[in-house]
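Here is a brisk tour for a reader new to this structure. Keep the sequence and the 3D view open while you read.

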Amino acid sequence: MISVNTREQPWREGLNVQSLLDKMGYVFRHIIVRVNGEYVPEEAYAARLIADGDDVQVLHLIAGG
Amino acid sequence: MKILTHKQEICTGCRECEVACSQAFFRTDDRLKSSIRINNNFNTFHAIMCTQCGECINMCTAHAIYRDKNGVVRIDRKLCVGCLGCVGFCSELSMFYSDDLLVPFKCVACGICVKACPEDALEILVSQSKGD
Amino acid sequence: MGKILKQIRYTPAKIERGYSNKSLYINVGDLRIEEKEVTEFMKEKFVGGKGFDLWYLWNAVTPETRWDSPENEIVMSVGPLGGITQYSGTGKTLVCAISPLTGIPIDSNAGGYFGPLLKFAGWDALELQGKAEKDLIIFIDGNEGLISIEEGEEYPEDTHLLAEELTARFAGSEEDKVHVSVVSSGSAAKHVLMGMLNFTFYDPRRKTVRVKQAARGGLGTILRDKHIKALVVKFKGIKPNLNNPADISAINRIGVKYHKEMHDLDEKQNGMRKIGTANTILVMNKYDLLPTRNFQTGGDPEAVKISPEVFITQYLTQGLHDGCWYGCTMSCAKAADHFKLLTGPYAGQCVTVDGPEYECVAGLGSNLGIFDPQAILEQNFYCDTYGIDLISYATTVAFIMECYEREQIGPEHTGGLDLRFGNASASLELMHQMSRGEGFGLLAGLGIRRLKKVFAERFGADPKLLEDIGMENKGLEYSEYLHKESLAQQGGFALTNKGPQHDEAWLIFMDMVNNQIPSFEDKAYALFYYPMFRTWFGLCGLCKLPWNDIVPADNYKTDTPAKVPEHVQNYVDIFNAVTGKKIDKDELIRQSERVYNFQRVFNLRMGSGLRQHDKAPYRSLGPATAEEYLSRQERYDKQLRELQGLDPSAMSLAEKIAATRAWRENQFELLIDAVYKRRGWTNNGVPKPDHLKAIGMDLPMLLEVVEKHL
């Protein structure tokens with residue numbers, strides 16, 4: 001299991017940031033991703049693997065009206 | 001269209017152009033009031049001045065920027081509200097401002113610096129296109 | 001030109017550090033025109049903008065004042081930062097009055113040039129009191145020093161005609177038109193309680209008058225009830241130092257930095273310069289947050305038909321400056337040019353439609369089950385020219401459509417109008433009826449609170465159902481965000497001063513998606529900080545969008561990226577640079593707290609302002625109907641299991657709905673407890689005297705009201 005925004009989510013081998021975003025339906029572009037506190041830039045989403053037990057934060061910065 | 005151009009390989013960095021420009025338009029010898037800025041990059045001197053690209057024309061929040069009959073981009077001082085949007089938006093970083101002035105300023109290809117340059121590093125080019 | 005009824009000359013005050021220090025009072029009944037001093041007390045306690053408005057309004061009305069009492073005032077003020085040109089979003093005017101919909105003060109925020117030009121004409125605020133017998137035009141010339149009240153019966157009512165005519169008349173030439181700004185409503189405002197105010201600016205590139213709105217609360221209804229047809233202000237000579245700031249160098253530096261940020265980053269971020277606030281439509285749809293068919297669900301596959309791309313490529317003119325005050329490089333007030341109208345009295349004409357904003361696409365689109373961009377723009381246009389608050393209209397008609405679909409009302413009540421979801425021509429016909437003052441449009445224009453009564457008492461509708469699905473709080477209709485899964489946003493809407501407008505707090509993503517405010521205390525802090533922070537824009541003349549609809553490239557590195565700390569610091573620095581004061585981020589919040597608590601006590605004074613008045617309709621809190629429960633059954637069943645330890649497989653649908661409801665209603669009460677505590681209020685929602693003292697607002701007039709409710 002991993003935690004995404006402090007909520008438990010299932011983990012599988014080979015999970016990376018991009019596939020996690022796809023799975024969660026997080027299509028909004030203007031986000032900040034941190035894995036175990038470390039910032040992951042957009043260009044690294046596909047490459048950055050997520051390990052079992054990792055803590056992932058996906059902050060959507062959407063301003064609203 | 002008239003555009004000021006600069007030959008890096010000839011320029012000695014004497015900055016007489018800056019003196020001439022700020023004197024002509026603001027009666028002061030102050031490079032921060034010059035519309036041409038010569039920057040020293042490991043003893044290679046390159047110049048920043050308006051290329052008359054005209055990107056500022058459509059974004060001007062007061063509809064105060066236009067092309068004159070020579071294709072030179074100019075600010076209408078009567079219409080300008082001093083918002084400095086053009087300064088922030090200029091991709092060439094060649095729209096300048098000063099806190100004691102209400103309106104920004106830029107190169108208008110007048111040729112005064114060309115005459116002042118002792119090395120003939122500056123030239124006004126006249127191209128066929130009138131710009132936008 | 002109508003007969004001049006009164007004319008006076010004055011010497012326009014010079015602006016010092018953002019203030020002219022004078023306000024203008026006009027009584028349209030007896031034609032009194034008076035100048036008042038803006039005092040140091042006012043500036044200290046109220047800052048400007050909404051603060052000044054509420055101060056003047058309190059002093060004008062009594063607890064018995066109704067919206068149509070002659071002593072009710074429309075007060076408008078732009079605030080000390082209003083009219084600077086170097087930063088984005090610095091021309092917003094705040095307008096207050098006792099609202100026809102709520103009976104308590106409404107505060108509504110408008111772009112356009114009127115407020116800044118009014119200030120430069122010498123007036124920090126304008127009070128309009130009394131009632132005229134016949135329509136008037138009020139004209140203020142800030143260069144000549146002239147105030148003129150003249151007959152205005154002969155002018156058209158609808159803004160797209162009226163404002164063009166007045167702009168042309170008061171401008172000496174085409175070049176002079178940018179110096180003129182008009183405030184007007186429209187033909188519907190006489191017939192509905194949700195009439196709004198248009199504030200104009202002239203667009204020299206398009207050569208047309210553009211409109212922004214002070215939309216919420218029924219201000220246009222009051223304007224027309226007072227028989228004011230329009231206000232016109234003229235001022236020539238906008239310069240970056242007109243506010244006589246203490247430190248123009250700082251303002252220039254921060255302005256250039258921000259413009260550069262906009263140039264470099266807007267396209268990668270929200271694309272405000274291309275599409276404006278509607279950039280979020282498909283995102284909201286994807287995240288199940290786009291209000292659909294009266295807030296029943298969070299989206300629809302057909303939403304692609306009303307996506308930002310559709311408007312950008314097919315309707316909105318690109319590449320022209322679209323800021324609603326000088327210096328705004330966010331430039332988000334987009335427009336559809338050469339738009340051909342298909343219905344109504346102006347059918348066949350090609351017009352410029354100001355919009356669509358997000359609220360328009362979500363409100364007049366998905367929330368009505370309408371997925372036709374042309375119909376959305378046409379409704380947008382008619383709301384604007386007729387003077388109808390688009391948000392109140394959309395949420396009211398969404399309610400009506402659901403009542404119709406559920407056969408709570410029928411064609412015999414609607415005069416034959418087939419008001420099912422998706423029927424755009426029926427919605428447009430309703431607007432035309434509002435303009436003409438006839439038919440079902442007259443009932444619809446009452447707004448949801450009164451409609452619920454009419455439907456139940458006269459048409460035999462089920463009052464319990466209506467109470468659940470009628471999306472109003474305090475008498476004002478909710479704005480267009482689906483929030484039934486965000487407890488924080490439920491508070492963000494219901495625990496407002498004026499009613500459920502999202503300008504106080506917009507917490508949906510922070511709450512539901514980012515999960516940044518999981519505990520009650522976290523939510524209570526957010527419902528303290530954000531309303532206080534966002535209130536501040538309305539004290540100063542600022543638009544909130546430049547605060548967080550773009551963020552610096554390194555914002556993600558900060559501790560609190562949602563607050564956008566660099567932009568908050570920009571505002572603190574600019575405030576100090578204009579006024580010469582030395583506030584910091586804490587004092588900024590304190591300034592807002594003073595006005596916010598003043599407004600809460602004002603609500604109390606007007607017979608509202610208690611916990612019972614902060615009640616929310618159940619659809620705001622959870623799935624009110626079987627269809628809603630079933631549409632998200634997996635989610636709701638999971639919550640029954642995880643949050644309440646119940647077994648949904650052993651429960652009937654009715655039992656599951658009831659258990660979910662009991663839980664959610666209780667959660668909402670717990671939230672209210674936490675928020676009131678954080679705000680320094682009693683458990684009944686009354687600001688405590690020691691809290692008022694702590695924030696420097698222990699004024700005798702407030703303590704007198706508060707003490708009655710302790």
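Start with one residue pair. Tyr25(C) stands opposite Glu127(C), a residue of strand E7(C). This is a predicted model. Strands of a sheet pair through backbone hydrogen bonds, in either a parallel or an antiparallel way.

## The six-stranded sheet

Six strands of chain C form it, in the order E3-E2-E7-E4-E5-E6. The sheet is open and its pairing is mixed. Which strands stand at the edges? Strand E3 (33–37) and strand E6 (105–110) of chain C do. Each has a single partner strand, so one side of each is left without a neighbour in the sheet. From one strand to the next, the twist averages 20°.

A helix covers part of this sheet. Helix H2 (residues 50–60) of chain C lies across strand E4 (74–77), strand E5 (93–98), E6 and E7 of chain C. H2(C) runs at about 20° to E5(C).

## A buried threonine

Now move along chain C to helix H11 (residues 373–386), where Thr385(C) is found. Is Thr385(C) buried or exposed? Thr385(C) has 31 other C-beta atoms within 10 Å. A residue is buried if that count is 20 or more, so Thr385(C) is buried.

Thr385(C) and Leu162(C) are 223 residues apart in sequence, yet their C-alpha atoms are 9.1 Å apart in space. Setting aside neighbours within four places in sequence, Thr385(C) is in contact with Asp158(C), Thr159(C), His160(C) and Gly186(C).

## Two crossing helices

Further along chain C, two helices cross. The axes of helix H18 (residues 487–494) of chain C and helix H27 (residues 653–679) of chain C come within 10 Å and cross at roughly 65°. The crossing of H18(C) and H27(C) is right-handed.

Which residues meet there? From H18(C) come Leu487(C), Gln490(C) and Gly491(C). From H27(C) come Gln667(C), Phe668(C), Leu671(C) and Val675(C). By class, the contact has four nonpolar and three polar residues, and no charged residues.

## Chain A as a whole

Chain A has one helix and five strands. From the N terminus on, the elements run β-β-α-β-β-β. The C-alpha atoms of chain A fill a box of roughly 40 × 25 × 20 Å along the principal axes. A compact globule of 65 residues would have a radius of gyration near 11 Å; chain A has 11 Å, which agrees.

Buried residues make up 20% of the 65 residues in chain A. Among contacts in chain A with a separation of 6 or more, 65% join residues 24 or more positions apart.

## Strand E5 of chain A

Five of the six residues of strand E5 (residues 55–60) of chain A are buried, so E5(A) is largely enclosed by the rest of the structure.

E5(A) pairs with strand E1 (residues 2–4) of chain A in the parallel sense, over two bridges. There, Ser3(A) stands opposite Asp55(A). E5(A) also pairs with strand E3 (residues 31–35) of chain A, in the antiparallel sense and over five bridges. In that pairing, Ile32(A) stands opposite Leu59(A).

## How the chains meet

Which chains share the most contacts? Of the two pairs of chains in contact, it is chains B and C. That contact takes 17 residues from chain B and 25 residues from chain C. On the side of chain B that touches chain C, helix H2 (55–59) and helix H3 (85–89) of chain B are the elements that give two or more residues. H3(B) gives the largest share, four residues. By class, this side of chain B has 10 nonpolar, six polar and one charged residues.

Chain A also touches chain C: 16 residues of chain A are in contact with 22 residues of chain C. The chain A side has eight nonpolar, seven polar and one charged residues. Chain A and chain B do not touch, and their nearest C-alpha atoms are 22 Å apart.

Definitions and conventions
Residues are numbered from 1 along each chain as its sequence is written. Chains are lettered from A and ligands numbered from 1 in the order in which they are written. This is a predicted model: local features need pLDDT of at least 70, side-chain atom pairs count only at pLDDT 80 or more; totals for chains, interfaces and linings use all residues. Two residues are in contact if their C-beta atoms, placed from the backbone, lie within 7 Å. Ala, Val, Leu, Ile, Met, Phe, Trp, Tyr, Cys and Pro count as nonpolar, Asp, Glu, Lys and Arg as charged, and the others, Gly among them, as polar. Axes are lines fitted to C-alpha atoms, for helices over the stretch in contact, and angles run from 0 to 180 degrees between N-to-C directions. A crossing is left-handed if the near helix is turned anticlockwise from the far one by less than a right angle, and right-handed if clockwise. Two strands pair if DSSP finds at least two bridges between them. A residue is buried if 20 or more other C-beta atoms lie within 10 Å of its own, exposed if 12 or fewer, and partly exposed in between; C-beta atoms are placed from the backbone. The radius of gyration is taken over C-alpha atoms; the globule rule is 2.2 Å times the number of residues to the power 0.38.
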